[in-house]
Structure formats: structure tokens, C-alpha cells
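Dear colleague,

Please find the structure below, together with its sequence. My notes on what was found in it follow.

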Amino acid sequence: MRDFRCPGCGQHLAFENSLCLTCDTPIGFSPADRVMLPVEPDGDYLMCANLHAAACNWLVRREPGGPVLCESCRLTRTRPADADTAAMAAFALAEGAKRRLIAELTELGLPITGRDADPDYGLAFDLLSSAGGPVTTGHHNGLITLDLAEGDDVHREQLRAEMDEPYRTLLGHFRHEIGHYYFYVLIDPEPAQRAAFTELFGDPDTDYQAALDRHYSSGPPAGWEDDYVSSYATMHPAEDWAETFAHYLHIRDTLDTAAAFGLAPAAGTFDGKLFGPSAFDTLIEMWLPLAWSLNMVNRSMGRDDLYPFVLPVAVLEKLRFLHGVLEGQAASGVDPDSR
């Protein structure tokens with residue numbers, strides 16, 4: 001995430017700010033420009049209509065008959081009723097995590113096709129509260145469903161401990177589920193990519209329900225740490241890919257933020273395009289010392305490791321493949337501002 005500044009006084013701003021607390025300038029994030037811009041009464045931009053409902057600070061271009069929701073909020077198909085105050089508070093947290101996801105996907109030049117353009121397989125989000133009935137977080141044909149209870153720290157930590165997970169966050173869920181979406185967008189339609197995927201991850205057509213039953217009855221295989229980034233990744237090739245995708249997004253966004261604040265080489269930013277045979281090695285050479293140092297900083301504050309994972313050679317090769325897929329996507333000339 002970039003080091004944002006107030007356009008009025010130059011004060012540092014967080015990605016979530018809708019007001020500069022130093023000069024009181026109303027500001028918003030422009031996805032097209034990837035900067036914070038002032039919101040003026042007769043200016044070119046309006047605040048997203050979800051400013052209050054979802055604490056959304058993204059801007060919408062002022063056009064007669066144009067959209068009132070920003071490009072992130074427009075992707076949400078279902079949300080809680082306004083009268084459900086508890087669910088709406090959780091909804092705001094989830095939308096905040098989703099905006100970080102969409103911003104990173106845009107930085108990486110990944111295609112985002114909404115349900116309006118592709119009613120059957122376009123990207124959409126159902127953000128639902130399990131307080132009103134069972135909700136299963138997951139992905140199906142471009143639709144990502146998230147249980148808003150994941151925004152509750154106590155609930156999420158209880159599940160994390162019960163499932164013996166080293167890491168569980170709202171943003172992590174979004175990054176994992178979007179990985180499933182991009183398998184169908186970037187891998188499945190391309191025979192060469194699908195063949196390379198199968199060689200690294202396994203056959204994606206393996207019976208999913210049987211794999212799910214086996215995983216929860218027997219657990220991960222012995223020695224899984226040598227080949228997978230997490231125990232959940234051992235369940236099925238689709239989950240291995242989604243976990244790997246999530247970790248790639250973890251790495252790229254954390255490197256980008258660290259570089260923006262001078263804590264990592266400038267090449268670690270999204271602006272420092274990493275192409276060519278040595279690009280992935282360069283990325284990992286920047287990441288490993290940063291992850292180690294951030295883990296040590298966390299321990300100095302009495303906190304758990306920021307990145308509690310080990311990346312064995314087999315996982316690095318999966319990440320290398322993913323990097324190549326996204327590199328090819330970026331090199332194809334897709335203009336993220338045209339979406």
C-alpha cells in the first residue's frame with residue numbers, strides 16, 4: 001500500500017481516510033489515479049454512496065446518470081439490511097478488507113469482470129451474517145461468499161485455534177477465495193497453463209467432496225510441510241492453488257507497503273515491474289529478509305510472528321509459476337483503468 005499524502009497540506013494519510021485530520025480537507029481514494037484526491041462541491045468526483053454504510057472512502061466520477069457506488073462496492077451483490085446494526089458493523093469491516101483486495105488486483109493488472117457484464121461467471125460478493133442462519137465462506141462460479149462473523153476477533157481466533165491455523169484474517173479469506181476465481185479466469189481456459197498447473201499442483205478435476213471428507217477425517221499427510229504452504233493446501237489441488245495465490249498477494253502487498261515507507265528496496269513496489277527470468281528470484285530475495293525482520297519486530301512487541309510461514313522449495317516453485325502467469329497477464333497490455 002502506498003504512502004498517501006493529503007493533497008492540501010501534505011499530511012500522511014491512511015488508505016482508509018476520508019478526512020485529513022490536520023487540515024480538515026475531505027478526501028477520497030481515486031482507484032483510477034491510485035492517489036488521494038480532495039472532494040470539492042463542484043469537482044469531478046463524488047464520495048461513494050457507501051461512505052457511511054461501509055466507511056467507504058473511494059471516489060466515483062461525477063457523471064449525469066452515473067454510478068453512485070464505487071467500483072469495489074458495486075461488486076457486492078448481497079449485504080445485511082440497514083436495520084441490522086451488528087451485521088452492518090461487520091459489513092463495514094469486510095468491505096474495508098475487500099477494498100484492499102481490489103486495489104491490489106488493480107495494481108497487478110488483473111482483469112475484474114463484474115456480474116453486470118457476465119451474469120453467470122462474473123465476480124460478485126455476498127457478504128452475509130451467520131447470525132441469521134448458516135453461511136459458508138467460499139467461491140462458486142465467480143461468486144464469493146463471506147461469513148461476516150469472520151470480522152469478530154473472538155469468533156475468528158476461536159476458529160483459528162480449533163483449526164490449528166497460524167493465520168486467519170478477513171483479508172486472508174478474500175485473497176484465498178479470489179484465487180479460486182482467477183483459476184477459472186487465467187488457468188482453466190489455457191491448455192498450456194492447465195498442463196503446467198497439473199504438474200505442480202495436481203489434477204484440478206480430482207473429486208472435491210472426497211478430498212474434503214478425507215482431509216477432515218484424516219488430516220494432512222505426514223511431511224506436508226515440505227510441499228505445501230499450509231495444511232489446508234494439502235486437501236485438494238484447487239485449495240493448494242488458492243492458498244498459494246493468497247500468499248503471493250500477502251507478499252506483494254506487504255513488500256509494496258514496506259518499500260513505500262523505506263523498509264524494503266524501491267523495486268518492491270508495484271510500480272517496480274518485475275519481468276523476466278530473474279524477476280521472481282528478485283522478489284523472494286527482497287521478501288525473505290523483510291519477513292524475518294518483521295517477525296522479529298513483532299516478537300519485540302510480544303506479538304506472534306507477522307508471517308508465520310516457511311516457504312520450502314516446492315512452494316517457491318508454485319509461487320514462481322503463479323508469478324509467471326501474472327507477469328504474462330500484465331505484459332498482455334491490459335489497462336487496469338479501462339475496467
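Leu186 has its place in helix α3. Please bear in mind throughout that this is a predicted model. Because its relative accessibility is 8%, under the 20% limit, Leu186 counts as buried. Leaving aside neighbours within four places in sequence, the residues in contact with Leu186 are Leu110, Gln193, Val325, Leu326 and Gln329. Pro111 is 75 residues away from Leu186 along the chain, yet the C-alpha atoms of Leu186 and Pro111 are separated by 9.3 Å.

**Packing of α3 and α6**

Two packed helices are described by the angle between their axes and the distance between the axes. For helix α3 (residues 170–187) and helix α6 (residues 237–260), the angle is about 115° and the axes are 7 Å apart. The crossing of α3 and α6 is right-handed. On the α3 side, the contact is made by Gly172, Arg175, His176, Ile178, Gly179, His180, Tyr182, Phe183 and Ile187. These meet Ala238, Glu239, Trp241, Ala242, Glu243, Phe245, Ala246, Leu249, His250 and Asp253 in α6.

**The four-stranded sheet**

What is the order of the strands in the open sheet of four? The order is β7-β8-β10-β9, and the pairing is mixed. The edge strands are β7 (76–78) and β9, each of which pairs on one side only. On average, neighbouring strands of this sheet are turned by 30° against each other, direction ignored. Between β7 and strand β8 (residues 124–128), the pairing is parallel and runs over two bridges. Thr78 stands opposite Asp126 in β8. Helix α1 (residues 85–107) lies across β7, β8 and β10 (143–147), and runs at about 155° to β8.

Strand β9 (residues 138–140) contains His139. His139 counts as buried because its relative accessibility is 19%, which falls under the 20% cut-off. The His139 side chain reaches the backbone nitrogen of Gly142 at 2.9 Å. Not counting residues up to four places away in sequence, His139 touches Ile144, Glu177, His180, Tyr181 and Tyr184. One of these, His180, is also among the α3 residues that meet α6.

**The ends of α5**

Asp207 caps the N-terminal end of helix α5 (residues 208–218). In this cap, a side-chain oxygen of Asp207 lies 3.1 Å from the backbone nitrogen of Gln209. Just after α5, Gly219 takes a positive phi of about 80°.

**Positive phi at Asp24 and Arg34**

Most residues other than glycine have a negative phi. Asp24 has a positive phi of about 65° although it is not a glycine, and Arg34 has a positive phi of about 60°, again without being a glycine. Asp24 lies in the loop between β2 (12–13) and β3 (27–30), whereas Arg34 lies in the loop between β3 and β4 (35–38). Are these two residues buried or exposed? Asp24 is exposed, because its relative accessible area of 53% is over 50%. Arg34 counts as buried, because its relative accessibility is 14%, under the 20% limit.

With kind regards

Note on methods. Residues are numbered from 1 along each chain as its sequence is written. This is a predicted model: local features need pLDDT of at least 70, side-chain atom pairs count only at pLDDT 80 or more; totals for chains, interfaces and linings use all residues. Side-chain values use heavy atoms; hydrogens and water are left out. Buried means under 20% relative accessible area, exposed over 50%, partly exposed in between (1.4 Å probe, protein chains only). A polar contact is a pair of N or O atoms within 3.5 Å; within protein, one must be able to donate a hydrogen and the other to accept it, and residues adjacent in sequence count only if both atoms are side-chain atoms. Contact means heavy atoms within 4.5 Å. Two strands pair if DSSP finds at least two bridges between them. Axes are lines fitted to C-alpha atoms, for helices over the stretch in contact, and angles run from 0 to 180 degrees between N-to-C directions. A crossing is left-handed if the near helix is turned anticlockwise from the far one by less than a right angle, and right-handed if clockwise.
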